[in-house]
Amino acid sequence: MEYTEAGKFLKKKRKSEGFNTQKRFIQALLEKDPDINCSESYMSLIESGAKSPSVHLLDIMAIVLNMSPQEKGELLLIYKRVPNDLEFAVRNNLKETLKETNVDILKKKYENDKNKQNFNNLIRSLVLEEKSEEALNLLKTAPNFSSSFIDLQDRTAKMAAITGNYDFATQAFNLALENCSDEFINTKADILMNIGICHFNKGLQIQGEHPVDSLELLFQSKNYLEMSLNLWPDFIYCLDEYARCMYHIADTLQYFYKNKISIKLESKHTHLFQFFNKIIKNERVNSGNSFILETIEKYFKIALENYKQLLSHSEKGDLPEKALKEAVYFHAYSYCKLKMFTEALLFINTILILDQNWLTYFLKSGYALLRYENENDSQLLDESIKNLSIAIEYEPETVKSLIKSEKNRELKTLWELKGNELNQLMEEEKDNV
């Protein structure tokens, strides 16, 4: 149908503003203007994309649904109805789409000055923006900055890492590191960071099936990232990876603690042996030990401080938009993990004002659940379910998959206490009004 996307947007917007039924929504429209002519059947046709609202009806809908000028302008463009009083807002919105991204800026920097640092920054940004093919093509076609063994190994390692061959990439990076002189501080810091990233990504890959091996890799990543930052404290790409790493270590330790899982160490877990060296007994570590709880809190705090640092200087750095947005989300959720719920709600609601999507509502669902675990208020469970329901409206498959995968992790308590409601939520028809 011609207006399918616009209809989907209006339906999601209606539900996110608390109008669970079309009847309630139409009543609110009539309160604003008793003379409008809109039935439930007509609203269904609009939301299915079969019909378009008049300019006047859309005006009232925009008021009731608290639409931004940009949202309303986009709808008017889609419905081919742009009155003069909104022309400026629409033009502004179109200008936004033409703005240069950080990746665009980095491309210009590299074109103007093809040095190794600009090259590395551009490659890393392309990877963070999930433009792996473009990054690989640049690695293959860009001229070498020198014929040195270090540069050749570094480039080979980066290509292997982008394609997911982390073991080979780690070996290649280590060879480059062994031959890198201490005077090349930035090059050495970059190599150390990339070794840390390889361990981190490999750790996340095996987290579900081998959580202890995953934790070992995360601790290895932590060590390499710290070595990189010791050489280059303001290395923004490394600060970003270090914040993510510390958050995931704390989150994994919390998983063991919540599920009362004992961590059985083997000889290959050298970093975990070092970590637990004060409390190891008979090669088994009780994850319920207070040492674990103290470490979880400590590492979440380190993650939070690094995210603060990233966001405080975001305008000075080269991080692409996707990585910065991720930092915003993890910054807000770190407050939840630390039970700083007043601060968490402030930041989460700020995100909701600026960017309503499935992730913002998934984030708010997690906030409500963590508060329930702290305060035992059953209304918070209902709030968590409600926000998951809204998230599903935006991205059904993505959110349902996350709800399943987090059954024994982030959403464990919700599954235990509201399993029937979650199952019902998973089975509801997408177009149910």
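**Helix α10 and its surroundings**

Helix α10 (residues 149-162) packs against helix α11 (residues 166-178) at an angle of about 165°, and their axes are 8 Å apart. Axes here are lines fitted to C-alpha atoms, for helices over the stretch in contact, and angles run from 0 to 180 degrees between N-to-C directions. Helices are DSSP runs (H or I, at least four residues), numbered from the N terminus.

This is a predicted model, in which local features need pLDDT of at least 70 and side-chain atom pairs count only at pLDDT 80 or more, while totals for chains, interfaces and linings use all residues. Residues are numbered from 1 along each chain as its sequence is written, and side-chain values use heavy atoms, with hydrogens and water left out.

α10 and α11 are therefore roughly antiparallel to each other, a term for angles over 145 degrees. α10 passes α11 in a left-handed crossing, where the near helix is turned anticlockwise from the far one by less than a right angle.

On the α10 side, the residues that meet α11 are F149, I150, Q153, D154, T156, A157, K158, A160 and A161. Their partners in α11 are Y166, F168, A169, A172, F173, L175 and A176; contact means heavy atoms within 4.5 Å. By class, the contact of α10 with α11 has 12 nonpolar, two polar and two charged residues. Ala, Val, Leu, Ile, Met, Phe, Trp, Tyr, Cys and Pro count as nonpolar, Asp, Glu, Lys and Arg as charged, and the others, Gly among them, as polar.

T170 also has its place in helix α11. T170 is buried, with a relative accessible area of 12%; buried means under 20% relative accessible area and exposed over 50%, with partly exposed in between (1.4 Å probe, protein chains only). Leaving aside neighbours within four places in sequence, T170 is in contact with I195, C198 and H199.

α10 also takes part in covering another helix: the buried residues of α9 are covered by elements including α7 (102-112), α8 (116-128) and α10. In helix α9 (residues 132-141), the buried residues are A135, L136, L138 and L139. They cover an arc of only 160° around the axis, which puts them on the same side of α9; the arc is that of the directions from the helix axis to the C-beta atoms. The face of α9 turned away from its buried side carries the exposed residues E133, K140 and T141.

Definitions and conventions. Helices (H or I, at least four residues) and strands (E, at least two) are DSSP runs, numbered from the N terminus. Angles under 35 degrees count as roughly parallel, over 145 as roughly antiparallel, 65 to 115 as roughly perpendicular and the rest as oblique.
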